[in-house]
Amino acid sequence: MSYSVESRHAGSGVGRVGHALLRVALPAVVLVIVCLVWNWYVGTKHSFYLATAGAIFRAFISELGDAAVWRALWTSDISLLVGFAIAVAIGVPLGLVIGRIKRVDRLLAPYLQIALVTPMAVLMPIVLVALGLSRTAQIVVVVLFALPFVVVPTRGGVVTIPGDWLDMASSYGARELQVWRLVLLPGATHAIVNGLRLGFAHALTGEITVELSLIAIGIGQLIIRYQSHYQAAALFAFVLLISIQSIVAMGLLSLIQRKVRRA
Amino acid sequence: MSSFAWQPGETKARELSKTMNPTTQAGVSASIGTGPHIDVNRVSKSFRPSGANGRGDDARSVVALQDTSFEVGRGEFVSVVGPSGCGKTTLLRMIAGLSSVDAGHIFVDSKRISGPGPDRAVVFQHASLLPWASVVDNIAFGLRLRKIPKSERTTKACELAALVGLSGFESHLPGQLSGGMQQRVGLARALAVDPQILLLDEPFGALDEITRRLMQDELLRIWSGTGLTSVLITHSVDEAILLSDRILVMSGRPGRVIEEVPVTMRRPRERGMERTPEFVDLREHVWELLSGQPAAQAND
Amino acid sequence: MTETATRRTTPAPPATGGRRRWISALGEFVRTDVLATIVGLVAAALAWQLIALAAGASWLPTFDTIARRIGDLLDDGKFRSELVHSVLSMLIGFALAVVVGVAVGMAMGMSTLARYAFSIYVDVLLFIPPVVVTPVFFAIFGLSNSAVLAVIFIFAAPIIAATTKAALMNIDRDIVDAASSFGASRWQLARLVVFRAALPMIFTGLHLGIGRAVKGMIIGQLIIAVVGIGAYEARFEQAFDSAGLWSIAVLVVVVAVVFSWGVQFADRVVNAWAYVGRRQ
């Protein structure tokens with residue numbers, strides 16, 4: 001229990017309700033200021049590529065009802081989901097094996113490090129050259145982006161299981177499969193779920209990156225259309241929509257992760 | 001330098017005491033000067049046990065101290081003992097100026113205190129040294145805050161390092177020291193600022209028994225050289241009796257001083273005194289007082 | 001009795017002065033992490049050669065082909081200047097991200113009001129893939145280097161801000177207490193204690209940030225594909241030049257690894273005290 005250095009933080013006097021209000025009010029104030037500065041900037045630039053906050057908001061509302069927009073989103077989402085599923089199907093078992101077998105772990109450790117730090121984006125053109133402007137290429141890109149971030153936390157989950165637990169299991173004569181079922185998998189579950197969340201975030205990045213740069217099937221196509229038609233407000237609004245979809249998806253995953261933590 | 005690190009230090013203590021505290025040099029338990037050194041007057045303090053942002057339920061407000069009063073004379077060594085959670089640490093922190101007082105006043109030298117001050121120095125239970133600074137830099141920290149020039153504070157810090165028996169470890173990092181050694185640095189740090197009052201918050205509570213006993217001997221030796229007014233918080237009744245002139249026994253929550261037990265054994269104190277009848281009687285008496293008190297509740 | 005006591009309390013390592021501490025911390029890092037990575041890369045090159053020879057696919061040239069191609073590219077003055085230009089952009093973007101990220105993170109860590117105001121936006125920026133903002137920067141800055149700088153910034157800054165905030169909120173309160181008990185002013189506390197205590201974790205954020213900055217550079221240049229090596233990539237891709245594409249990939253990996261080491265070097269110099277006698 002630490003009531004440290006009270007005299008310095010003495011008497012904030014604001015109380016619970018006050019704090020709750022501030023939590024909402026302050027970010028709102030920041031948002032308003034940003035919008036005002038944005039509008040001022042747009043006013044000075046007179047560019048076809050920019051739109052005021054108001055125009056963006058209106059475009060956003062209209063896009064919510066536009067079937068073409070949702071189709072574009074869904075087209076991209078298919079690659080995203082399939083790619084992510086493949087990354088998980090490969091990555092989790094791989095991570096478990098790497099974590100379990102020390103020799104393999106030591107062998108592969110530097111590569112995992114490099115994979116985490118390397119921008120997978122740099123491999124995208126190679127995938128394109130190999131597989132053409134296809135959905136398959138997109139899916140491969142998504143897998144590449146997500147894989148390291150599924151493998152490494154999974155491995156971490158296995159590696160950090162206390163040696164005592166494993167000793168205990170073997171002292172009761174557990175066989176390898178039983179060790180997996182009873183000790184390793186339950187113990188590593190949190191880390192695996194964390195890996196799923198991180199992997200998904202990177203899969204998302206991969207999908208959007210490939211759409212925006214090379215293989216525009218879904219959202220990429222819509223963005224190109226907006227750009228070439230100088231529909232600035234629609235463009236910004238669409239970016240907002242994609243962002244919100246990401247936030248919702250990541251939020252859901254975080255929620256699931258917290259539920260698993262509680263279990 | 002001999003491996004008996006204390007003996008040279010003993011002379012150091014006497015030398016340093018001359019520069020440190022002219023007022024207390026006159027005697028260990030003399031109470032010259034007007035009025036008590038520390039005057040705790042009907043002090044109360046409550047907490048809302050909650051998270052860092054102070055969101056808590058008022059109904060679960062905890063009264064740590066209720067109407068507590070006592071005085072400490074100049075040059076006196078006073079210990080405070082009591083069950084867990086009786087507010088001893090809170091009391092010390094208030095005297096140090098780290099916590100505010102809800103009701104009542106605390107006077108030092110007849111002046112109301114309002115925050116930490118150069119006249120009071122604290123030794124914490126967990127040494128709380130700066131992990132990136134060497135022993136000497138840690139000892140000199142208080143001096144650095146006062147903008148004392150580097151050469152001067154380094155010299156003084158080295159002297160104090162010798163005083164507490166850490167010669168040769170001046171450049172070590174806290175991470176390279178044992179718990180006992182870290183506490184010595186904490187003590188040296190407190191002494192470095194020439195305080196009038198030394199406040200010790202269970203300084204040996206985190207140490208193993210052997211180190212603890214050694215540190216108690218250390219503290220006795222150093223204190224006898226400086227004669228600072230001191231307040232010690234401790235869980236150990238034996239420690240309190242060995243070190244102090246007076247013991248304040250506190251009740252469980254809400255904390256209040258039940259009784260002030262004077263310790264009139266002669267100074268300088270020695271280990272052998274623990275077997276004297278006087279010591280044993282004191283120990284029994286204090287335990288009796290303590291066992292009448294319930295310990296704090298589970299939601300501590 | 002006393003002799004045993006003093007011996008008991010004497011730990012093994014001899015006193016090391018402040019100067020020599022960071023040297024030994026660096027040395028240990030080089031000996032372990034750096035060497036391991038280099039060995040790994042060499043082994044990878046060998047494995048590549050074997051696999052490429054076996055597979056014989058047009059999109060997977062042999063390693064020596066790629067090595068030769070890299071040599072050719074580096075000989076080319078124009079390519080060299082584009083490479084240097086890209087690397088510099090990345091450093092500038094990263095530096096901006098560090099300055100803003102640390103500043104915002106410190107504000108959030110030390111002031112409740114700042115935390116209330118900014119946290120939600122930093123969290124949102126962490127949630128969304130930063131690449132999604134690229135069309136926005138393209139619209140604002142046009143087809144220019146500034147756009148790429150902005151992308152790099154938005155990739156790196158949020159994680160630096162978030163980690164810095166966490167660093168400040170996780171410092172050992174006891175140390176702050178002890179320091180303020182000696183009468184440290186608020187400013188002295190921040191400067192002498194709080195900031196230094198938070199530095200190790202801030203550097204963790206910088207390490208994460210540099211990885212993201214490199215990604216931002218590549219992605220930004222690929223999408224806003226006119227400047228730097230991103231432009232070269234686009235051209236190679238058009239020409240189905242696999243060797244060229246792989247060459248760039250290898251160079252980027254090297255750049256990423258070198259910068260990652262750079263941050264870790266700096267960490268061990270600044271925070272040598274945290275690595276004393278311990279394997280991180």
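A salt bridge is taken here as a side-chain nitrogen of Lys or Arg within 4 Å of a carboxyl oxygen of Asp or Glu, and across the interface of chain A and chain C this rule finds zero of them. The structure is a predicted model, in which local features need pLDDT of at least 70 and side-chain atom pairs count only at pLDDT 80 or more, whereas totals for chains, interfaces and linings use all residues. Residues are numbered from 1 along each chain as its sequence is written, chains are lettered from A and ligands numbered from 1 in the order in which they are written, and side-chain values use heavy atoms, with hydrogens and water left out.

In the interface of the two chains, 55 residues of chain A are in contact (heavy atoms within 4.5 Å) with 51 residues of chain C. The area buried between chain A and chain C, that is, the accessible area (1.4 Å probe) lost on putting the two together and summed over both, is about 4500 Å², and carbon and sulfur atoms give 77% of it.

In chain B, the peptide bond from R267(B) to P268(B) is cis, with omega near 0°. Positive phi values occur in D67(B), near 50°, and in E202(B), near 40°, neither residue being glycine. Most residues other than glycine have a negative phi, and most peptide bonds are trans.
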